[in-house]
Amino acid sequence: MSLVFSVPGKTFIAGEYLALQEGPTLVLLSQPCFELEAHKGSGNLGSIHPESPAGLYIRKHQDYFSQFDLGFKDPYAGKGGFGASTAQFLGVYALWLYKEAPQQDMEKLLDFKHLLEAYYEVAWNGEGQRPSGADLVGQLKGALTFFEKRKGLISVKSWPFEDLEIHLLHTGNKVATHEHLKNLKTFDASSLEKSFAMIRESFDTQDGSIFVSGINAYADSLKSLGFTCNETLSLLNDIKQISGVVAAKGCGALGADVVLVVTRKNESEELKQFCQQRQLSLMASSQKIANGLQVRGTL
């Protein structure tokens, strides 16, 4: 017998850096999903690093977790940018709650405020910017999750634009997010807020043209603030020349790992050819939007 916690991959459609000021975020949750599997055992952590947020949380509750052996499956094979670390933490946190409630009641205990408090305790040592945890909330809720911590607002949306498709490319580049946040200075987020408001409006009105304008404006703001690495800026310039592409931006810390591309519907063939030529991985699309945390099995 085993208990399996399935957690979707995450990508910031918009709101990276705003999240650090507890501002609005929009996170896309997609397949394939990470899986944390727990068996009765003797405390084997599998591939979970003991100094990761999940590893540190396990250490805080060693007596409980010592009765399980854990296995973590990463369908992205170690490619960064899709939230493996937060998926591990969410799975471990859910396993901790399992001791307090039957499985069917677990969702009631997965309050995002308590989840974030537990995460901050193990994911931040007080240096630099505290991780936002917006990606963690998205992986809990699923689909397209709007989250604004300072207002306590969460809403989960489906993809509303029938004439548009989104695609996620993995660049093969990597930024150590923890180190980046530790060295990040304060910044003026007003241009990011303004761009994000357009994106939110587009969902309210289901107007794809506003969504496209909002994504491009957000990308421009990230560039102006110096929050896009040179490799991604060069890649974005090339992608925007592809037929069918209407918007593109880097996602997450310095936009390094993952690039979001928006195309007109059924006009992604040239983008796919571009990715093959550049040996870029097309990892997900609007056809692979996933639910949040799912639990199956028993112990």
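1. Proline 32 is placed in strand β2, residues 24-40 (strands are DSSP runs of E of at least two residues, and helices are runs of H or I of at least four, numbered from the N terminus). The peptide bond leading from glutamine 31 into proline 32 is cis, with omega near 0°.

2. The model is predicted: local features need pLDDT of at least 70 and side-chain atom pairs count only at pLDDT 80 or more, while totals for chains, interfaces and linings use all residues. Residues are numbered from 1 along each chain as its sequence is written, and side-chain values use heavy atoms, with hydrogens and water left out.

3. Helix α3 (residues 84-98) packs against helix α5 (residues 112-123) at an angle of about 120°, the axes being 11 Å apart. Axes are lines fitted to C-alpha atoms, for helices over the stretch in contact, and angles run from 0 to 180 degrees between N-to-C directions. On the α3 side, the contact (heavy atoms within 4.5 Å) is made by Thr86, Phe89, Leu90 and Tyr93, and on the α5 side by His114, Leu115, Ala118, Tyr119 and Val122.

4. Alanine 77 is found in the loop between β3 (68-73) and α3. Although alanine 77 is not a glycine, its phi is positive, at about 55°. This residue is exposed, with a relative accessible area of 68% (exposed means over 50%, buried under 20%, partly exposed in between, with a 1.4 Å probe and protein chains only).

5. Glutamine 279, in the loop between α11 (269-278) and β9 (281-285), is not a glycine but has a positive phi of about 55°. Glutamine 279 is exposed, its relative accessible area being 74%.
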